[in-house]
Amino acid sequence: MSQESTSPPAAAQADDYLERRALRRGSAGWVLLTGLGVAYVVSGDYSGWNFGLAEGGFGGLAIAMVLMGAMYACMVFALAELSSILPAAGGGYGFARRALGPWGGFLTGTAILIEYVLAPAAIVIFIGDYVESLGLFGLESGWPMYLVCFAIFLGIHLWGVGEALRFSFVVTGIAVAALIVFALAALPDFSVASLDDIPVDSSAAGSNSWLPFGLLGIWAAFPFGMWFFLGVEGVPLAAEETRDPARTLPKAIRWSMGILVVLAVVTFVAAAGARGSAAIQEAGNPLVEALQPDGRATTLSRIVNYAGLAGLVASFFSLIYAGSRQLFALSRAGYLPRFLSLTSRRKAPYLGLLVPGTIGFLLAAVSGNGARMLNIAVFGATISYALMSLSHIVLRRREPELPRPYRTPGGVLTSSVALVLACAALVATFLVDVTAAFIALAVYVVALAYFGLYSRKRLVAKAPEEEFAALAAAEAELTRD
């Protein structure tokens with residue numbers, strides 16, 4: 001007589017696997033998620049975008065901002081539909097997994113992960129520079145400052161998602177209020193003549209006072225036009241921690257994008273018009289520079305300076321959240337080592353927070369080159385944008401009857417516009433920093449080798465994104481039969 005097995009059945013094993021990798025459900029409504037979407041991006045309003053003036057002038061950067069704004073608007077409308085179909089923590093990876101298969105899912109997820117691991121590493125350097133320039137408590141920028149930032153903000157995330165999102169919402173509110181204060185303060189000094197005061201490069205094709213570096217300058221300014229919106233696509237990563245995600249996520253995505261468009265236009269025009277494009281094109285703190293025409297600090301410039309630190313903290317904090325959720329989803333599904341998706345008693349993916357946080361700290365401490373890391377992040381972002389937009393097109397064509405609680409206005413035409421502009425932005429990264437682009441490609445090659453040689457054969461069928469894709473395959477098989 002054979003001995004009866006004492007091992008739990010496969011279904012129980014699968015349930016236990018997912019139970020140890022569960023996030024806290026229903027922690028966020030659309031208001032907190034809207035705040036999260038703005039928090040991802042708000043630091044870009046305070047610095048970084050102005051370097052695009054040195055690439056394209058006011059006109060070139062303005063056109064780049066409009067085109068990149070159109071790309072993000074089209075993409076977030078597509079993501080709103082996709083997130084209503086599959087409200088899971090994988091976000092873009094999950095969408096691409098169903099539309100483009102395991103390789104497409106991994107390519108998309110890896111690109112998103114590059115963005116959300118590198119961007120906090122860059123921003124923590126900027127936080128250190130801000131603290132030092134403000135003379136806060138005599139602190140200096142360097143690895144001790146970076147370590148403190150990561151330790152404090154990782155600790156808040158480990159405490160719980162609800163607490164983390166509420167903290168992010170408050171800090172983001174401060175940063176947004178200060179942008180409004182800045183615009184009102186800059187208004188008395190605004191002059192249209194200041195907008196196009198960068199000297200014209202007569203050798204550049206199509207150059208004039210508004211396009212001092214010619215038509216090519218528009219293209220070169222694409223990555224800087226993105227800084228007004230970079231990161232907003234991370235809202236769907238909160239899907240599993242959201243109340244009624246099919247309704248909440250599309251609403252939060254649309255509101256986030258609307259607020260960011262208004263902030264981008266107001267900040268860009270006010271800063272360039274108050275001080276002049278030439279004066280702020282290389283400034284590390286362009287808004288403060290715009291309020292100090294004689295170089296002397298004023299009460300308003302100090303307020304904006306402190307708020308700039310709040311904006312950096314908001315983006316740093318929220319990008320840590322996004323990176324941890326993308327890593328969590330890829331690990332839970334087996335694309336990355338599975339232990340990285342284990343969650344704590346408070347339902348926080350503690351290794352998904354600590355591992356990328358450690359990597360980010362080491363990158364910041366060793367390199368100290370925030371601009372280079374941001375350019376690498378932008379490269380990863382543009383790849384993910386192209387693949388997510390393509391995923392929307394493929395699912396619309398292949399599965400037109402799939403239930404869609406929210407439908408993208410314009411359908412595949414909208415996502416096609418996002419796809420074309422994302423590809424153009426990807427090529428533009430080579431015009432700005434070819435070294436950063438090749439570093440990102442090298443990381444991609446290593447990740448793909450790991451997937452192709454190892455994890456591709458060890459995927460977890462019970463993970464939500466994999467189960468969703470398997471269901472699609474089964475339905476397609478029944479249709480063929």
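Biologist: Why is Phe153 called buried?

Modeller: A residue is called buried under 20% relative accessible area, exposed over 50%, and partly exposed in between, using a 1.4 Å probe and protein chains only. Phe153 has a relative accessible area of 10%, which is under the 20% limit, so the word buried applies. Please keep in mind that this is a predicted model, in which local features need pLDDT of at least 70 and side-chain atom pairs count only at pLDDT 80 or more, while totals for chains, interfaces and linings use all residues. Residues are numbered from 1 along each chain as its sequence is written, and side-chain values use heavy atoms, with hydrogens and water left out.

Biologist: What makes Phe167 partly exposed?

Modeller: The relative accessibility of Phe167 is 28%, and because this lies between the limits of 20% and 50%, Phe167 counts as partly exposed.

Biologist: How many aromatic pairs does a search of the whole structure find, and why is the pair of Phe153 and Phe167 called tilted?

Modeller: The search finds 24 aromatic pairs. Rings of Phe, Tyr and Trp (its six-membered ring) pair if their centres lie within 6.5 Å, and planes under 30 degrees apart count as stacked, over 60 as edge-to-face and the rest as tilted. For Phe153 and Phe167 the centres are 6.0 Å apart and the planes stand at 40°, so the pair is tilted. This pair links distant parts of the chain, since Phe153 is in helix 6 (residues 143–159) and Phe167 is in helix 7 (residues 161–186), 14 residues apart. Helices here are DSSP runs of H or I with at least four residues (strands are runs of E with at least two), numbered from the N terminus.

Biologist: What makes Phe430 and Phe438 an edge-to-face pair?

Modeller: Their ring centres are 5.8 Å apart and their planes meet at 80°, so the pair is edge-to-face. Phe430 itself, with a relative accessible area of 31%, is partly exposed.

Biologist: Are Arg275 and Glu289 buried or partly exposed?

Modeller: Arg275 has a relative accessible area of 24%, so it is partly exposed, and Glu289, with 28%, is partly exposed as well. Their side chains meet in a salt bridge of 2.9 Å, N to O. The bridge joins helix 11, where Arg275 is found, to helix 13 (residues 286–290), which holds Glu289.

Biologist: What makes a group of residues a nonpolar core, and which residues in the largest one touch the most other members?

Modeller: A nonpolar core is a set of buried Ala, Val, Leu, Ile, Met, Phe, Trp, Tyr and Cys residues joined through side-chain atoms within 4.5 Å. The largest one has 149 residues, of which Tyr46, Tyr72 and Tyr385 touch the most other members. Helix 5 (residues 92–134) gives the largest share of this core, 21 residues. Contact means heavy atoms within 4.5 Å, and, leaving aside neighbours within four places in sequence, the contacts of Tyr46 include Tyr130, Leu179, Pro286 and Val304.

Biologist: Why is Ala164 called buried, and which residues does Ala164 touch?

Modeller: Its relative accessible area is 1%, so Ala164 is buried. Ala164 is placed in helix 7 and touches Ile156, His157 and Phe317, not counting residues up to four places away in sequence.

Definitions and conventions:
A salt bridge is a side-chain nitrogen of Lys or Arg within 4 Å of a carboxyl oxygen of Asp or Glu.
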